Amino acid sequence: MAHEIETAADGRAAFFAARKSAWHALGTTTVEAQTAEAALELAYLSGWNVHKAPLTATSTDSDGNELHLPVNGKYATVRTNPFNGQREPLGVVGKVYQPIQNEEHTELLNQLVDQSGARFETAGSLRGGREVFVTMKLPEHMLVGDVDPVDLYIAAMNSHDGSAPFRFVVTPIRVVCANTQRAALNNAVSTFSIRHTRSAKSNIEAARQALNLAFKFQDQFQLAAEQMIQQTMAEDHFRTYIDKLFPAPSKDATTRVHDTYREKRNTLDFLFNEANTNAPIRGTRWAGYQAVTEYIDHYAPTQRNQWADNEKTARALSSLGKNSVNLKHHAFALANA
């Protein structure tokens with residue numbers, strides 16, 4: 001979810017968090033939500049009324065008169081902006097696409113909470129309303145090697161521009177330094193997409209499958225993590241590991257590039273050999289992997305832009321970006337090889 005949290009002109013954010021330090025470090029709301037309905041309301045996700053409108057192209061004739069030409073088989077998804085009440089387009093979709101309102105999955109989300117004991121942790125709107133999400137935290141964390149606590153979250157995500165289905169993603173968060181990890185396990189274990197439906201029976205089955213996904217992921221993740229924490233990783237092994245993840249620049253690269261790379265390697269060496277966050281797991285493959293995820297989340301250079309105008313937001317968005325997630329996948333696979 002490496003895109004901007006939607007914000008209004010007056011600074012209000014389409015985001016809710018159940019605690020000050022949100023799992024992706026965005027937002028400031030600290031209100032508890034006991035139900036999906038409450039989470040949506042707090043995150044300005046209610047009452048969007050997403051619908052399809054025929055798409056037209058604007059042109060002019062030879063006399064300069066404005067023409068509105070229908071685009072056959074194409075529609076715009078349109079919503080009511082939750083901040084100003086104005087209609088606005090979100091994306092372009094085809095004839096078979098059926099909008100699904102944010103409220104339509106509240107029953108399913110409430111079932112997940114009721115059946116698992118999870119609690120609503122965050123909810124929000126990304127990319128100007130094109131994607132929405134709700135996250136739930138499972139009540140008990142894993143303890144890798146009896147020393148390293150890891151929490152498990154279920155993130156439910158949907159798009160309103162036709163770019164993605166409604167889907168569940170299971171992601172572990174290492175409590176000691178709040179790293180957002182996406183382990184390179186079987187995709188069928190860590191991600192699950194469902195058909196959009198209002199049927200209660202289908203929702204119950206979908207909730208059951210999503211829970212099975214979470215518990216299966218937890219079992220496999222903990223097994224892999226336990227194996228990694230039982231295996232030593234010497235300094236030379238760690239350096240080889242880092243060489244594969246962060247190849248050295250070519251000899252003809254600029255001095256600045258070489259200096260930046262040297263600084264990166266020094267930081268990674270510190271995280272592996274000296275950082276307090278790795279103290280209980282020092283010298284293991286699990287520590288090597290955690291050094292990489294901690295570097296990506298907390299030390300890797302970030303760039304501010306119109307969607308991330310401060311260091312905290314820029315770093316949160318960067319750590320959850322596609323490149324960062326892919327790098328974490330690669331790091332997990334190498335450490336677990």
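Predicted model: local features only at pLDDT ≥ 70, side-chain atom pairs only at ≥ 80, totals over all residues.
I then checked which way the side chains go. Asp148, Val150, Leu152, Ile154, Ala156 and Asn158 point one way from β8. Pro149, Asp151, Tyr153, Ala155, Met157 and Ser159 point the other way. Both sets are buried.

Next I looked up the partners of β8. Strand β6, residues 131–137, pairs with β8 in the antiparallel sense over 7 bridges.

β7 and β8 make a hairpin with 3 residues between the strands. Gly145 in that hairpin takes a positive phi near 60°.

Strand β9, residues 166–174, is joined to β8 by 8 bridges, again antiparallel. Ile154 has Val170 of β9 as its bridge partner. I counted this one as a hairpin too, with 6 residues between β8 and β9. Gly162 sits in the turn, and its phi is positive, about 80°.

I moved on to helix α2, residues 106–116. Why call it largely enclosed by the rest of the structure? Because 8 of its 11 residues are buried, with buried taken as under 20% relative accessible area. I listed them: Thr106, Leu108, Leu109, Asn110, Gln111, Leu112, Val113 and Ser116.

Last, I checked what follows α2. It is Gly117, with a positive phi near 80°.

Terms used. Residues numbered from 1 in each chain as written. Heavy atoms only, no water. Buried < 20%, exposed > 50% of the residue type's maximum accessible area, 1.4 Å probe, protein only. Helix = DSSP H or I, 4+ residues; strand = E, 2+ residues; numbered from the N terminus. Pairing = 2+ DSSP bridges.
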